[in-house]
Amino acid sequence: MTLETHPRKLLVIIAEGALEKSLAEDAMRLGAQGWTASDVRGAGAHGERSASWDGDRNVELKIVATQAVAEAIARHVLDTYCRDYSVAMFLTDVAVLRPEKFR
Amino acid sequence: MVAPNGILARTPAAASDLLPDPVVLFFLLGLAARLARSDLRLPEALYETLALYLLLAIGLKGGVELARHSLAPLLPQLAGALALGIVIPLVTFGLLRSAGRLPRADAASIAGHYGSVSVVTFAVGMSWLATRGIAHESHLALFVAILEIPGIAVGIALARTGAPGRIAWGRLAHEVLLGKGIVLLAGGLVIGWWAGPDRIAPVAPVFFDLFKGVLALFLLELGLVVGRQLGDLRRAGLFLPVFAVAGPVAFGALGAWVGTIVGLTPGGATLLAVLAGSASYIAAPTAMRIAIPEASPALSLPAVLGITFPFNITLGIPLYHRFATGFAP
């Protein structure tokens with residue numbers, strides 16, 4: 001018996017730790033039903049961030065949502081934060097089991 | 001008769017006067033390890049725990065002292081400290097704009113960092129005075145909590161005058177006032193004040209006796225952090241590194257003078273000078289990042305952490321003490 005799955009988008013946003021609260025609030029306002037955040041470290045165009053103290057923290061925010069909601073959040077992040085902050089962002093296809101949790 | 005003995009007795013004291021506190025060696029160890037590319041790395045959770053401990057311990061110490069004294073003589077001292085918190089960022093901004101030719105946003109953000117204060121520099125100052133048996137007013141911990149705020153507020157106001165932009169003041173106030181710095185310092189002050197010297201005794205072994213050891217560990221971690229910032233200094237130009245030493249020395253002298261005027265002991269005036277000469281790297285960077293997004297942290301952090309902090313804990317504190325004893329009546 002195959003499991004019934006439903007297609008959704010996973011939006012991953014990796015950004016400066018200072019943005020965590022704003023990003024989570026904006027995502028919920030734009031229709032996300034939840035988010036998961038973790039502290040991460042890494043390097044990119046803005047140099048290395050090693051998460052060893054407050055000013056050097058990076059956060060990874062994962063949001064599973066419908067394509068429309070995920071794209072709306074991604075567009076908002078591009079317009080609002082990407083000019084002045086270090087942000088990496090990508091979308092992937094995922095399959096969920098309980099579609100009512102990710103409308 | 002007095003002179004030979006006096007000189008003999010004073011020479012070692014005068015020499016040790018200029019030496020940094022032993023805890024500073026832990027900072028230098030971390031710095032050296034980072035520069036030598038050692039894989040030494042303290043877990044982030046430990047950094048958080050040590051920072052939490054230091055903030056709470058400083059608050060408690062101040063609170064216990066407040067319980068011993070009446071509050072009325074504090075008012076002129078508080079006014080003096082607040083005046084410093086406003087004047088220092090304004091002067092910094094003016095200098096960075098005119099002589100440093102920095103963009104408004106960057107100058108305002110750096111002014112906010114220097115207007116605010118560094119709790120750890122203050123802790124090293126306390127430790128330096130304690131090692132030499134120099135008394136000071138412990139209620140200065142109250143000033144640490146209060147002085148974190150005006151510098152940040154002035155910095156943001158400077159960035160936004162003439163360049164109107166939307167600021168989420170609510171979120172920012174929440175970030176600054178309910179950040180861990182203010183909550184733990186103020187919370188510690190209230191608990192220490194309420195408990196007083198006798199009832200605080202059961203927790204004293206943890207918060208007072210272990211203080212120096214914890215400070216040493218925290219400085220080891222900061223040495224690693226500063227080592228990383230030094231690389232970014234190359235991009236900061238020439239003016240900013242010069243300012244990062246000359247600014248604190250001038251502000252430290254101003255702080256020692258104001259401290260003496262408002263009636264602090266030389267030890268207390270030294271600590272007020274340390275606060276005036278120090279720059280924030282816990283509260284200010286986050287607040288400035290949210291409030292002034294266009295300001296580059298690659299300018300402010302190397303100056304604050306790469307130069308001003310190491311300068312203050314090694315050469316700055318003994319120098320500020322010289323200022324304070326020089327101004328003393």
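1. A residue counts as buried when its relative accessible area is under 20%. B:Tyr281, with a relative accessible area of 2%, is therefore buried. The same cut-off places B:Phe309 among the buried residues, because its relative accessibility is 2%. The model is a predicted one, and the remarks below should be read accordingly.

2. The rings of these two residues form a pair. Their centres are 5.7 Å apart and their planes stand at 65°; since planes over 60 degrees apart count as edge-to-face, the pair of B:Tyr281 and B:Phe309 belongs to that class. B:Tyr281 is located in the loop between helix H13 (266-277) and helix H14 (283-291) of chain B, whereas B:Phe309 belongs to helix H15 (residues 297-327) of chain B, so the pair ties together parts that lie 28 residues apart in sequence. The pair is also part of a cluster: ring pairs link B:Phe27, B:Tyr281 and B:Phe309.

3. Over all chains, a search of the whole structure finds 8 aromatic pairs. One of them is formed by B:Tyr114 and B:Phe243, an edge-to-face pair with 5.2 Å from centre to centre and 75° between the planes. This pair links distant parts of the chain, with B:Tyr114 in helix H5 (residues 104-115) of chain B and B:Phe243 in helix H12 (residues 239-261) of chain B, 129 residues apart. Both B:Tyr114 and B:Phe243 are buried.

4. The interface between the chains deserves a separate comment. Chain A contributes 16 residues to the contact and chain B contributes 20 residues. The size of an interface is often given as the accessible area lost when the parts come together. Between chain A and chain B, the buried area is about 1700 Å², and carbon and sulfur atoms give 43% of it.

5. As to specific interactions across this interface, the count between chain A and chain B is 1 salt bridge. In a salt bridge, the side chains of A:Glu16 and B:Arg289 meet at 2.7 Å, N to O. The count of residue pairs in polar contact between chain A and chain B, with both residues at pLDDT 80 or more, is 3.

6. On the side of chain A that touches chain B, the largest share, 3 residues, comes from helix H1 (residues 20-29) of chain A. By residue class, this side of chain A comprises 9 charged, 4 nonpolar and 3 polar residues.

Note on methods
Residues numbered from 1 in each chain as written. Chains lettered and ligands numbered in written order. Predicted model: local features only at pLDDT ≥ 70, side-chain atom pairs only at ≥ 80, totals over all residues. Heavy atoms only, no water. Contact = heavy atoms within 4.5 Å. Buried area = accessible area lost by both parts, 1.4 Å probe. Salt bridge = Lys/Arg side-chain N within 4 Å of Asp/Glu carboxyl O. Polar contact = N/O pair within 3.5 Å; in protein donor to acceptor, adjacent residues only side chain to side chain. Helix = DSSP H or I, 4+ residues; strand = E, 2+ residues; numbered from the N terminus. Nonpolar A, V, L, I, M, F, W, Y, C, P; charged D, E, K, R; others polar. Phe/Tyr/Trp six-rings, centres within 6.5 Å; stacked < 30°, edge-to-face > 60°. Buried < 20%, exposed > 50% of the residue type's maximum accessible area, 1.4 Å probe, protein only.
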